[in-house]
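Visitor: I'm new to this one. Can we put it up and talk it through?
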Amino acid sequence: MVLEKSLVSGSMSLLTLKLLEDGDLYGYQMIEELRRRSEDAFRLRAGTLYPLLHSLEEKGLVQAYEQTAESGKSRRYYHLTRQGRNALREKEDAWNAYAQAMGRVLKGGACLA
Amino acid sequence: MPETTQAYLEAVREEIRWKRARPVLIQELERHLEDQKEAFLKEGKSPEEAERLAIQDMGDPVIVGTELDAVHRPRPQWGLLGLTIALAAAGAVLRVIFHCEPVDPAILLGKALLSLFLGTGALLGVYFFDVSRLVRHTRAMYIGALALGVLTLPLTRVAVSYYTRYVVTLYPVAYTLWLYSFRGKGWRGLVLAILGGVPLALVCAHAPSSMGLFLLLFSGLVQTLWAAGRNWFGVGRWKGLCAVLAVPAAALACLISQGYLNSFLARVQIALHPEQYKMDKGFMGYILRMFWMDTPPLRQGEVSIGINSGMRLYSEGRQVRPIDLSHDFLPASLAVQWGWIPLLLLLAALTVLLLWLLAKALRQSYLPGRMVVLAVVIILGLQTLFSAALNVGFVLFTASLPLVVGNLQTVMDMALIGLALSVFRGDSIAREEPSASPWRRFRIRFELL
């Protein structure tokens, strides 16, 4: 299933932070991981990811560092900071609240009562 | 859309205005294209097709470049630059007003203006310098600083190595870079990091510069303890801390066994009670305390105690001694002649500058940058503290008030501040060197499994 762009773009920060929750990754790994976890629904462009990662770094939510990958090549890994972890919790809560509200509306539930 | 990787990267590069940011950003995109191309090759695509698809996957280079450009802009430090130059200008004026040498005032003014000019040049020159270059050549920087200290040792003036005493002001920074280069190198790294302080300390001792030696030892100890506390060397936090603490403990034991402790305690005794040694080693401390007792918040008119321009004589009984309230004692001279409020304002401005630097250093995510700034703050902070103590009559170390006392010292101080501001200016692009954290490595491997 291919999702409408606007549905994904608003939650890119959340997805990016979530990917880093379990471990440090470099850009290419993040795109592949996102594709795998979303079962090919989210195909993030590298040109979108890197500016986003850099802006998250500016805000102190992630921290970049150089490290030699398994392939033997040097790659720039991103690490979720404590501040980033807190931001992730907040974004997850906000997203869950939003999804529940949307679900109720789409099912024609509480709001019509 | 560009056809080749190089054309694509060039198109992105053109959109990034900050030259210093370009290599870091372009390298990351290039590596990504490399990975993506390899993935397409594994899927059976031809090299040309794989490259074309990888570029297509990346997105419009103009948009990518523009977005990266928006994130990575230099962070000008105009406020701190302005404050530094204003303080140095005030220092130049004070050096001309409160002099004691029988020198033509025009020559003094010329020297002070030259110092301000060179200092501003050093401040701006270092400010626009890419600090990450220092970090890439840490050991070369260390060896360069050491060589400069050794080469200037023979240039003596009044039995001291005049220029070496200024060069050693940079040693805490040189040692910080040396220390950083041994990150993740285990016990061997820890031992070499500690041993690196020895040649620098020997140069300080030969200059001789007790203040330089103290700054090096104090800054070195603080930074090495901090590094060991974060298990930088990978030998275990507590083992590392114990090993680092063992060094000053051994040095202290050695000094005590050689009888240096007694002479130091005697100096402390004189500094605390200069009145008991007033015609000997406690003379300056005693005279300064006498002046302070007679110093109002703001002085209007003549100095009642009989000092109004530099050198005077103090006599008691048949002994007569000159009083030299210039150079390191310039702050006291300022207070004696204008009252203590102007001096307090000067010290407050310096304190604001140092606290501002410290606060920004603690928020700095670029680790080597943070360490360099902390070394600068320690140097200037301790100089300010000891200078204040010296000028109120606690004469333990000679120390120059940063940006105020000494023409050449002012140039060195401004260069050091420029170095700190350069770290803040490049904050958005600064990156850590490869991490040696075993935990972080473990997490990466785990993720890749």
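Visitor: What should I know before we start?
Guide: This is a predicted model: local features need pLDDT of at least 70, side-chain atom pairs count only at pLDDT 80 or more, and totals for chains, interfaces and linings use all residues. Residues are numbered from 1 along each chain as its sequence is written, chains are lettered from A and ligands numbered from 1 in the order in which they are written, and side-chain values use heavy atoms, with hydrogens and water left out.

Visitor: How many helices and strands are in chain B?
Guide: Chain B has 21 helices and four strands. Both are DSSP runs numbered from the N terminus: helices are H or I with at least four residues, strands are E with at least two.

Visitor: And how much of chain B is buried?
Guide: Of its 449 residues, 49% count as buried. Buried means under 20% relative accessible area, exposed means over 50%, and partly exposed lies in between (1.4 Å probe, protein chains only).

Visitor: What follows α17(B)?
Guide: Gly339(B) does, and its phi is positive, near 100°.

Visitor: Switching to the two chains. How much area do chain B and chain A bury between them?
Guide: About 3,300 Å², of which 47% is on carbon and sulfur atoms. Buried area here is the accessible area (1.4 Å probe) that two parts lose on being put together, summed over both.

Visitor: How many residues does the contact take from each chain?
Guide: Chain B gives 36 residues and chain A gives 36 residues. Contact means heavy atoms within 4.5 Å.

Visitor: How many salt bridges are there between them?
Guide: Six between chain B and chain A. A salt bridge is a side-chain nitrogen of Lys or Arg within 4 Å of a carboxyl oxygen of Asp or Glu. The elements of chain B that each supply at least two residues to the side touching chain A are α2 (22–42), α3 (47–58), α4 (61–71) and α21 (438–448). Helix α2(B) gives the largest share, 12 residues.

Visitor: Which residues are linked in a network of salt bridges?
Guide: Lys73(A), Arg75(A), Glu34(B), Asp35(B) and Glu38(B) are. Within that set, Glu34(B) and Lys73(A) meet at 3.6 Å, N to O.

Visitor: What does Arg75(B) pair with?
Guide: Its side chain meets Glu58(A) in a salt bridge, 2.3 Å from N to O. Arg75(B) lies in the loop between α4 and α5 of chain B and Glu58(A) lies in helix α4 (residues 46–58) of chain A, so the pair joins two chains. Arg75(B) is partly exposed, at 28% relative accessible area. Glu58(A) is partly exposed too, at 29%.

Visitor: What about a salt bridge inside chain B?
Guide: Arg52(B) pairs with Glu49(B), with the closest N and O atoms 3.0 Å apart. The two are separated by about one helical turn because they sit three residues apart in helix α3 of chain B. Another is Asp69(B) with Arg73(B), at 3.4 Å. Asp69(B) counts as buried, at 5% relative accessibility, while Arg73(B) is partly exposed, at 31%.

Visitor: Last topic, the surface. Which residues make the nonpolar patch?
Guide: Leu252(B), Leu255(B), Ile256(B), Tyr260(B), Leu261(B), Phe264(B) and Leu265(B) make a patch of about 640 Å². Two elements give two or more residues each: α14 (237–257) and α15 (260–272) of chain B. Helix α15(B) gives the most, with four. Patches are made of residues with over 30% relative accessible area and no salt bridge; like charges are joined within 9 Å, nonpolar side chains (Val, Leu, Ile, Met, Phe, Trp, Tyr) within 5 Å.

Visitor: Where is Leu252(B) found?
Guide: In helix α14 of chain B. Leu252(B) counts as partly exposed, at 47% relative accessibility.

Methods:
Areas by Shrake-Rupley, 256 points an atom, 1.4 Å probe, with all protein chains shown as cover.
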